[in-house]
Amino acid sequence: MTTRIDTRFAELAKQDRPAFVTFLMAGDPDPSTSLEIIKALPKAGADVIEIGMPFTDPMADGPSIQAAGLRALKAGMTLKKTLDLVRGFRKEDNATPIVLMGYYNPIYIYGVDKFLVDAKSAGVDGLIIVDLPPEEDEELCLPAIKAGLNFIRLATPTTDDKRLPAVLANTSGFVYYVSVTGITGAAAADSDAVSEAVARIKRHTKLPVCVGFGIRTPETARAIASHADGAVVGTALVDALKSSLDAEGRATGKTVKAVADLTAALAQGVRGAQQAAE
Amino acid sequence: MNIVKPNSYRSGPDERGHFGIFGGRFVAETLMPLILDLEKAYTAAKADPAFQAEMDGYLKNYVGRPSPLYFAERLTEHLGGAKIYLKREELNHTGSHKVNNVLGQIMLARRMGKKRIIAETGAGQHGVATATLCARFGLECIVYMGAVDVERQQQNVIRMEMLGATVMPVQSGTRTLKDAMNEALRDWVTNVHNTFYCIGTVAGPHPYPTLVRDFQSIIGNETKAQMQEIEGRLPDSLVACIGGGSNAMGLFHPFLDDSTVEIFGVEAAGHGLTQLHAASIAGGRPGVLHGNRTYLLMDADGQITDAHSISAGLDYPGIGPEHSWLHEIGRVNYLSATDDEALAAFQLLSKLEGIIPALEPAHAIAKVLELAPKRPRDHLMVINLSGRGDKDVPQVGDILRGKSQ
C-alpha cells in the first residue's frame with residue numbers, strides 16, 4: 001500500500017529537502033473559512049497537512065489549540081463535517097497528503113469501521129490519535145492499516161530504546177517526534193537534543209521522522225528541519241489565525257491571508273534547512 | 001451484548017487493565033512509560049510486607065482507623081424498615097474516605113523517589129487529603145481545581161493553602177472536575193521526570209482504577225469484620241454514592257462475591273435525568289476519556305457534555321470503569337438521586353442522628369429513604385458515610401435561605 005504520504009516523502013527525499021507539515025483545527029473559526037485556509041496551504045508551501053478533529057477535552061493540547069477546538073465546536077463542527085472538509089479540499093488537490101489528528105472518543109462514537117471507510121473515501125491518508133498508544137493498537141491502529149490508512153505514531157523524549165520498537169511496530173507514513181515533554185505550544189526544543197533523538201529513532205526505522213511541538217518561527221523551523229525529515233508547526237499558525245479574528249471570534253477578510261503568509265514564511269525557513277545541511 | 005457471568009467478580013482487571021470492555025490505557029505516549037513504571041512499583045509494593053506494615057501504622061495513628069460502623073437507631077426508627085448502619089468514613093482525618101487512597105499513593109510516590117505531587121479535586125476533599133499527606137511527608141503539592149469549584153468550596157481552598165499546597169484554579173472548558181483532570185494531565189505530561197499524579201478516584205488509565213480500589217477496600221474489609229462482630233453475619237445490602245466511585249468501590253469490592261449482598265450505587269441526578277445531571281450510567285454511554293473506556297455523558301458527536309450536581313464531588317461526566325463493568329454484568333444496581341432529594345436527606349440525617357453528612361453521601365442516604373422502608377426489620381443495610389458536611393455548610397445554608405440556586 002502506498003499512500004499520498006509515502007509518495008510525498010519519496011519526492012522530497014529525491015529533492016533532498018525536509019517536509020513542512022502544518023496543523024490547523026478543522027472548522028476554525030468556521031467551516032467555510034477553514035476550507036479556504038486549507039486550500040491555501042499547499043500554494044503557501046505546506047508539504048503535508050494535518051487537520052485537527054475538534055474535541056471538548058484535548059488533554060495533550062495547550063491553550064491555543066484548546067481554544068481553536070472550542071471555536072470550531074461552537075461553529076457547529078462535527079467529525080462528519082471534518083470529513084466533508086477533506087472532501088472539499090480533494091476536489092482541487094489530489095496530491096497533498098492529509099492527516100487527521102485528534103482524540104479517540106469522537107471516532108469511537110462515530111464507529112471505527114464506518115469512520116475508516118468514510119475517511120478513506122473522503123481522501124484522508126493518515127491518522128494521529130494522541131490517546132491511542134501501542135498498547136491499544138487493536139482499537140483503531142490495526143483496522144486503519146487494513147483500511148489503507150497510515151497510522152502515524154508520536155514518539156517522545158520518554159520513549160526509550162527499549163520501548164521504541166513497540167512504538168514503531170505498527171507505525172507507517174512517518175514518525176512524529178514530539179520534541180519536548182509537554183503540551184502543544186510549549187517552549188521551543190533544543191536543536192542538539194532533537195538531532196540526537198532523531199538519530200536514535202532512525203537507528204530503529206527507515207520511516208521519515210518529522211519533529212513538532214515548540215516550533216514557532218522560520219528560524220527554529222530551519223534549525224529543527226536541518227536535523228529531521230520534516231518540521232511540524234501548529235500553535236503558531238493557530239495563533240496567527242486567532243489574531244486575525246474580530247472581537248466576537250469571527251473570520252475577517254485578513255484571516256486566510258494571515259495563515260497563508262505565516263505558512264509561506266515558515267516554509268521558507270524549512271527550505272532554508274536544505275542549504276544549511278549541505 | 002452477550003454477557004457471561006464470571007466465576008468471581010473480584011478477579012479484574014486483566015493484565016492490560018480491562019474490566020470487560022472497560023478500562024484500558026488511553027493516554028499520550030509521553031505518559032505511557034510512567035504508567036508502566038507505576039504498575040511495576042505498585043506490584044512490588046504489594047508484595048513487600050514492609051509497605052503494608054508502614055501503611056497500617058499511619059492508617060491507625062494518623063488517619064484514625066478503623067472507622068466505626070454505627071447503628072443509626074433514629075434513622076432506622078424513622079424509616080420503619082431495614083436496620084441501618086453508617087460506615088463512618090467522615091470521621092477520618094481530613095473528613096472523608098479520600099485519605100485512604102492518598103496515603104497509599106503518597107507511600108508509592110516516596111518509594112518511586114518522586115518529590116512533586118499533583119492532584120485534581122472537585123469538592124476539594126481529595127485535594128485536602130493530598131495536601132495533608134504532602135505536608136506530613138514534606139512533598140511539593142499542586143492541586144488543580146475547576147474555577148467554579150474554587151468558588152463553591154472556598155473553605156477547602158483555604159485548608160489546602162494552609163497545608164502548604166498550591167491551588168491552581170482551572171479556567172478551561174466547564175471549569176469543574178473534568179477540566180481539573182485535563183489540566184493535571186497536562187501538568188503531568190510536562191513534568192514527567194519528577195512528578196507523581198495522585199488520582200482521587202477509581203478512574204484514569206490502568207493501573208489507577210485498580211490501585212485506588214485496593215487502597216479504598218479497607219472500607220469494605222472493615223465493614224465485613226465489624227458487621228460480623230456486631231450482628232454475627234454479613235450485611236444484606238450496601239449503599240454508596242458515586243461520582244468517580246472510589247468510596248463505593250472501596251465498600252463494594254470485598255462483598256462482590258457474597259451473592260446474598262444486594263449492592264446499590266447512587267449517581268447524582270442533578271436537576272433530574274432529563275435535564276442537567278451527572279449520572280453517567282443512567283444517562284450516558286460507553287466512550288473514552290481520561291485514560292479509560294467507561295460510561296460518559298456526551299453528545300451524538302462524542303463531545304463530552306457538561307455534568308451538573310449540587311455536590312462538587314459528584315460533578316463529573318464519567319465513572320470508574322469497574323463500575324461500568326459491574327453495571328453491564330448486573331452485579332451492582334445503579335440508581336440516582338436529584339439535588340433536591342440529596343438536600344432533604346442532608347437535613348434529615350443532621351436532625352435525626354446529629355451527623356451532618358457531605359452532600360455526596362447525602363445522595364446515598366436519599367435512596368435509603370426509599371429502599372429501607374421496603375425491607376424487613378432484620379435486613380442489615382450499610383451506608384457509606386463517605387464525608388462530613390462541614391465543607392457544604394455555607395452552600396447549603398445559602399440554598400436553605402433562598403439566596404442561590
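**A strand covered on both faces**

Modeller: Both faces of E1(A) are covered, with Ala19(A), Val21(A), Phe23(A) and Met25(A) buried on one side and Phe20(A), Thr22(A) and Leu24(A) buried on the other. A residue counts as buried if 20 or more other C-beta atoms lie within 10 Å of its own, as exposed if 12 or fewer do, and as partly exposed in between, with C-beta atoms placed from the backbone. Strands (E, at least two residues) and helices (H or I, at least four) are DSSP runs numbered from the N terminus.

Biologist: Thanks! Before we go on, what should I know about the model and its numbering?
Modeller: This is a predicted model, where local features need pLDDT of at least 70, side-chain atom pairs count only at pLDDT 80 or more, and totals for chains, interfaces and linings use all residues. Residues are numbered from 1 along each chain as its sequence is written, while chains are lettered from A and ligands numbered from 1 in the order in which they are written.

Biologist: Got it. Which strands does E1(A) pair with in the parallel sense?
Modeller: E1(A) pairs with strand E9 (residues 230–233) of chain A over four bridges, in the parallel sense. Five bridges join E1(A) to strand E2 (residues 48–52) of chain A, also running parallel. Two strands pair if DSSP finds at least two bridges between them. Phe20(A) has Ala231(A) as its bridge partner in E9(A), and Thr22(A) stands opposite Ile49(A) in E2(A).

Biologist: Which helix goes with E1(A) and E2(A) in the β-α-β unit?
Modeller: Helix H2 (residues 31–44) of chain A, and the unit is right-handed. That means that, with the strands pointing away from the viewer, the path from the first strand over the helix to the second runs clockwise.

Biologist: Switching to helices, how do H4(A) and H6(A) pack?
Modeller: H4 (residues 79–90) and H6 (residues 112–122) of chain A pack at an angle of about 25°, with their axes 8 Å apart. Axes are lines fitted to C-alpha atoms, for helices over the stretch in contact, and angles run from 0 to 180 degrees between N-to-C directions. H4(A) and H6(A) are therefore roughly parallel to each other, a label for angles under 35 degrees; over 145 is roughly antiparallel, 65 to 115 roughly perpendicular and the rest oblique.

Biologist: Which residues make that contact?
Modeller: Leu83(A), Val86(A) and Arg87(A) of H4(A) meet Asp118(A), Ala119(A) and Ala122(A) of H6(A). Residues are in contact if their C-beta atoms, placed from the backbone, lie within 7 Å.

Biologist: And chain B, what is the strand order in its open sheet?
Modeller: The four strands run E7-E6-E5-E8, with parallel pairing. E7 and strand E8 (195–197) are the edge strands, each pairing on one side only. E6 (residues 140–146) of chain B is mostly covered, with six of its seven residues buried.

Biologist: What about Ser311(B), buried or exposed?
Modeller: Ser311(B) is buried, because 27 other C-beta atoms lie within 10 Å. Ser311(B) lies in the loop between strand E12 (291–296) and helix H13 (321–329) of chain B.

Biologist: Last one, how many residues of each chain are in contact with the other?
Modeller: 34 residues of chain A are in contact with 27 residues of chain B. H5(A) supplies six residues, the largest share of the side of chain A that touches chain B.

Notes. Two residues are in contact if their C-beta atoms, placed from the backbone, lie within 7 Å.
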